[in-house]
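Please look over the sequence and the model shown here.

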Amino acid sequence: MCGIIGYVGNNNSVPYIIDGLKKLEYRGYDSAGISILQNGSLVTVRAVGKVAELEKAALLANPKGSTGIGHTRWATHGKPSEENSHPHTDCSGDIVVVHNGIIENYLTLRDKLHSLGHRFKSETDTEVIAHLIEENLKHVSAETDAELLIKAVQKTNAEISGAFAYGVLWARTPGLLVGVKNQSPMVVGLGENENFLASDVPAFLKHTNKVLFLEDGEIAVLRVDGATVLGKDGKVKKPKPVKISWDQQTAEKGGYPHFMLKEIYDQPQAIEDTLRTARADFGKILGLNTEALRGLQNIHIIACGTAYHAGLVGKYYIEQFAGIPVSVDLASEYKYRTVPHRVDTLAIAISQSGETADTIGALKKAKSLGFRTLAICNVLGSTLTRTCDSTFFTHCGPEISVASTKAFTSQITSMYALAIFLGNANGNLSQNVFDKLYKELMALPKAMSEAVKDEYTVRHLTRKIYKADRFIFLGRNVNFPIALEGALKLKEVSYRSAEGFAAGEIKHGPISIIDKGTPVFMLMPYDSLFEKMLSACQECRARGAFVVAVTTEQGAKQAKDVADKVILVPQASDFLQPVLNVVPLQFLAYWIAKRLGCDIDQPRNLAKSVTVE
């Protein structure tokens, strides 16, 4: 996830672009850059770090021009550096591109373009777009330069694959800005003798609230006097402008009152983007050939907090699909305990930020023992990714709320992908079984889109229970870590007492804290342990608990007789079901905290990244 802002008008574009980038900084803050069309040439200024660093550099360079484009980066390909910062240019320097998303076939295109004489200056996938447009300009014809650029962009779109939105400036077309949308956000702001292209509304909301929302495959052509939208077929479309009533703060959150709620709804897209990486060869990601993958004998997973719960789910996945023994440790414990040294061990460190001190310390210990190391992380260029031998990136974009939601489900998705690829590589899964599991995994974003529709049901439920002193979450097998995560999420944002347990353990002590009215959430999909969970429902209800069953449509038919409330989640395979089951628990934490008047995005005493022990 990155921030894009472009301006075409009668004024100097630099202040508009810098201000827009500040409004979009929540979408990325690794680096930033601008390109301004000045006296027939493109002047580009880039800086590593936040937009404030770019602003200082721009003041020194002092570019001026009425057409320009800017970008604030969340790194996905290539470490945060000035060379990898956007905008990126072609060989001539006359074309600049800013981009949000992932070009899946960029390596193939890069090799092709390199063979044609193109020379690349960055490690990014974005630079491929600039060179491809340059190449395609040689192979299209038109009466005007503007038509030539549009045709080259159309040809480029047909050659690239993935999720992308990008903006293009060409030195030969002053007063013209072209934008493209495909599975990544891009909007147009319509002003008076000035128009804007952006990845999100906050970038230009102070100047205009009149917006065109682009559809996938559409191209926007902006000039001073208006904007034209072209469909996939190249024909002009006439979308109806929408007037935005949000204030600036609400706009940054996509119209949601809190980042946490927005990020819950971001999960289908976050999982979809993460799965783009999962289509890769895991041997290459791990830097191991098939023989070495087969030789893995042990896996250690180390993490903290929510990432630890993702690791617990990953243990079930890897042992089920790859048949490799897995231990899961809290990073703060792993660092100080005696860890047996065994050959052919892979240590997996999970962290959203990649800067968690305990996880980095534990990872360094694993390396000192000679273990191969893998990071599952959301931040390219972070300390963890630089320390590990290899990294699987969860492409969630920035997660602003302290309480993790989309990072958690993307981490679980990554663990599932890793498990089935390891199982396929070491022969534990036949190709037919692997193909079936892979197909189910690729259908997960669609199921998640259904899961986030649970909000109203959960919101209504919280009216009855938000004042309770204690909450209990129960699950079995792969849903046990989800019970732990549900309890943690509620504690983080509402400050209520909440505990997660393996459902089979309640008779061994926890049942003593269940009394009349205690809300007990049962994670009970219709699987081989469903009847066991029905028994747990009856045991809790007999003690006066208010029992809420989180189950699928088939399970609801029986659960309704032993539960006070049933929350439906979409049906998935047994081992993917936990990814969906956590969603109502996220909504639960959010709505209880909201009803209690808590600071949801920045809970007391907590920080997004814990960089001290």
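L275 is part of helix α8, which covers residues 267–278; helices (H or I, at least four residues) and strands (E, at least two) are DSSP runs, numbered from the N terminus. This is a predicted model, in which local features need pLDDT of at least 70, side-chain atom pairs count only at pLDDT 80 or more, and totals for chains, interfaces and linings use all residues. Residues are numbered from 1 along each chain as its sequence is written, and side-chain values use heavy atoms, with hydrogens and water left out.

L275 has a relative accessibility of 1% and therefore counts as buried. Buried means under 20% relative accessible area, exposed means over 50%, and partly exposed lies in between (1.4 Å probe, protein chains only). Leaving aside residues up to four places away in sequence, L275 touches T413, L441, M442 and P445, where contact means heavy atoms within 4.5 Å. L275 and S410 are 135 residues apart in sequence, and their C-alpha atoms are 8.7 Å apart in space.

I4 is located in strand β1, residues 3–9. Is I4 buried or exposed? Its relative accessibility is 0%, so I4 counts as buried. When residues up to four places away in sequence are not counted, the residues that I4 touches include L24, G70, H71, V98, A165, Y166, M186 and L197. One of these, L197, is 193 residues from I4 in sequence, while the C-alpha atoms of I4 and L197 are 7.5 Å apart.

P239 sits in the loop between β14 (236–237) and β15 (242–243). Its relative accessibility is 31%, so P239 counts as partly exposed. With residues up to four places away in sequence left out, P239 touches L212 and V229. P239 and T228 are 11 residues apart along the chain, with 9.4 Å between their C-alpha atoms.

Next come some details of the backbone. Most residues other than glycine have a negative phi, and most peptide bonds are trans. N62 has a positive phi, near 55°, and is not a glycine. N62 is placed in the loop between α2 (51–61) and β4, and it counts as partly exposed because its relative accessibility is 44%. D344, also a residue other than glycine, has a positive phi near 60°. D344 belongs to the loop between α12 (331–334) and β18 (345–351); with a relative accessible area of 44%, D344 is partly exposed. The peptide bond that joins H86 and P87 is cis, with omega about 0°. P87 is in the loop between β4 (67–73) and β5 (88–89).

The helix pairs follow. Two packed helices are described by the angle between their axes and the distance between the axes. Axes are lines fitted to C-alpha atoms, for helices over the stretch in contact, and angles run from 0 to 180 degrees between N-to-C directions.

At what angle do helix α19 (residues 480–494) and helix α22 (residues 577–595) pack? The angle is about 20°, and the axes of α19 and α22 are 9 Å apart. The two helices, α19 and α22, are therefore roughly parallel to each other; angles under 35 degrees count as roughly parallel, over 145 as roughly antiparallel, 65 to 115 as roughly perpendicular and the rest as oblique. Residues of α19 in this contact include I482, E485, K489, L490 and V493, which meet residues of α22, among them V582, L585, L588, A589 and I592. The contact of α19 with α22 has 11 nonpolar, 3 polar and 2 charged residues. Here Ala, Val, Leu, Ile, Met, Phe, Trp, Tyr, Cys and Pro count as nonpolar, Asp, Glu, Lys and Arg as charged, and the others, Gly among them, as polar.

Helix α17 (residues 444–451) also packs with α22, at an angle of about 25° and with the axes 10 Å apart. α17 and α22 are therefore roughly parallel to each other. In this contact, L444, A447, M448 and A451 of α17 meet V579, L580, V583 and F587 of α22. The residues of the contact between α17 and α22 are 8 nonpolar, no polar and no charged.

Last comes the chain. It contains 22 helices and 25 strands. Of its 613 residues, 60% are buried. The C-alpha trace spans about 80 × 55 × 45 Å along its principal axes.
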